[in-house]
Amino acid sequence: MTGRTGQWHSSVAGMAVLGLALTACGGAKVGEEAADAGGPGKCGTLNLAVSPWVGYEANAAVVARVAEKELGCKVVKKDLKAEISWQGFETGEVDVVLENWGHEDLKKKYITRQKTAVSLGSTGNKGIIGWYIPPWIAKEHPDITDWKNLDKYASRFRTSESGAKGQLLDGDPSYQTNDESLVKNLKLDFKVVYAGSETALIQAFRDAEKNRKWVIGYFYEPQWFFSEVPLVHIDLPEHTPGCDADPAKVACDYPVFDLDKIVSTRFAKSGSPAYDLVKNFRWTNDDQNTVAKYIALDKMTPEAAAEKWIDANPEKVEAWLPRP
């Protein structure tokens, strides 16, 4: 997350035209299949966007499994960067974004102005973005957790990609990040370098802890990886309301995000029982981390991971289902 502010996916180049589109991992593309009012049962087709981090995949796996088994839906998962997903709301090509990290700019455009989307409230997850280091560095150099001391260690973080500056490792370029502005505005001797994915970020931190390498990078919660390597957060200048209003002038830490669900207005008015499922869907960071760990570390399929969690949490699932 990600997540996860409103500039999480600001680095996505432009707003790609629907149908020309990008997919992250070979899933259905925007433009490939529009919403189907018919289909199995009264639910029909549920077009579910899936963004490229495993926590989101965990959300999608569980909601999809419940929608299929309990409501008779045909679920079509579309692997899309979040900013692209919002474009599909108007046409019905995307019904649901299950984990939205801020995106006040997109909310103003699609919810307030175009009225093609609505928020269905919190997922129950709290999203935290920040800069982190492996535990061994924090233990040996405890002062490094104060951002004012980062330049003291900048040379230790140099890589071939960062040149004469320290490397600040970010993830997928589509993630919401203020890091380039933060480095510039805090006048730090660092350069942002993109690892390219959540998996690459995790492997970099894992290797850094195991082999005592100097790595500092962008990371986020909820995230199952903290149970394996308890990364240590760097204290940036405290976030205050409005301190990140201008992306170019950001010089404060990220806020805590109340992650929410966004659906198309068309889907909200469709009468589909899946609408109530999405509206009622709510769980904790621990719930998400459990399913994400099944997928990422235990190498279960998303379907099997979802089934395992659902079997262990019938009361939570029951509370999500539409009432007769």
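**Helix crossing and disulfides**

Analyst: The crossing of H1 and H8 is right-handed. Please keep in mind that this is a predicted model.

User: Happy to. Why are H1 and H8 called oblique to each other?

Analyst: Helix H1 (residues 54-71) and helix H8 (residues 273-280) pack at an angle of about 140°, with their axes 11 Å apart. Roughly antiparallel would need an angle over 145 degrees, and roughly perpendicular covers 65 to 115. The pair is therefore oblique.

User: Which residues in H1 and H8 meet?

Analyst: From H1 there are Val63, Val66, Ala67 and Leu71, and they meet Pro273, Ala274 and Leu277 of H8. By class, that contact has seven nonpolar residues, with no polar and no charged ones.

User: What makes Cys43 and Cys73 a disulfide?

Analyst: Their sulfur atoms are 2.0 Å apart, and the cut-off is within 2.5 Å. The bond links distant parts of the chain, 30 residues apart: Cys43 lies in the segment before strand E1 (45-50), and Cys73 in the loop between H1 and strand E2 (74-79). Both cysteines, Cys43 and Cys73, are buried.

User: How do you know that Cys243 and Cys252 form a disulfide, and why is Cys252 called buried?

Analyst: The same cut-off of within 2.5 Å applies, and the sulfur atoms of Cys243 and Cys252 are 2.1 Å apart. The torsion about their S-S bond is about 85°, so this disulfide is right-handed. As for Cys252, its relative accessible area is 4%; buried means under 20%, so Cys252 is buried.

How values were computed: Residues numbered from 1 in each chain as written. Predicted model: local features only at pLDDT ≥ 70, side-chain atom pairs only at ≥ 80, totals over all residues. Heavy atoms only, no water. Axes fitted to C-alpha atoms, helices over the stretch in contact; angles between N-to-C directions. Helix = DSSP H or I, 4+ residues; strand = E, 2+ residues; numbered from the N terminus. Parallel < 35°, antiparallel > 145°, perpendicular 65-115°, else oblique. Left-handed = near helix turned anticlockwise from the far one by under 90°. Contact = heavy atoms within 4.5 Å. Nonpolar A, V, L, I, M, F, W, Y, C, P; charged D, E, K, R; others polar. Buried < 20%, exposed > 50% of the residue type's maximum accessible area, 1.4 Å probe, protein only.
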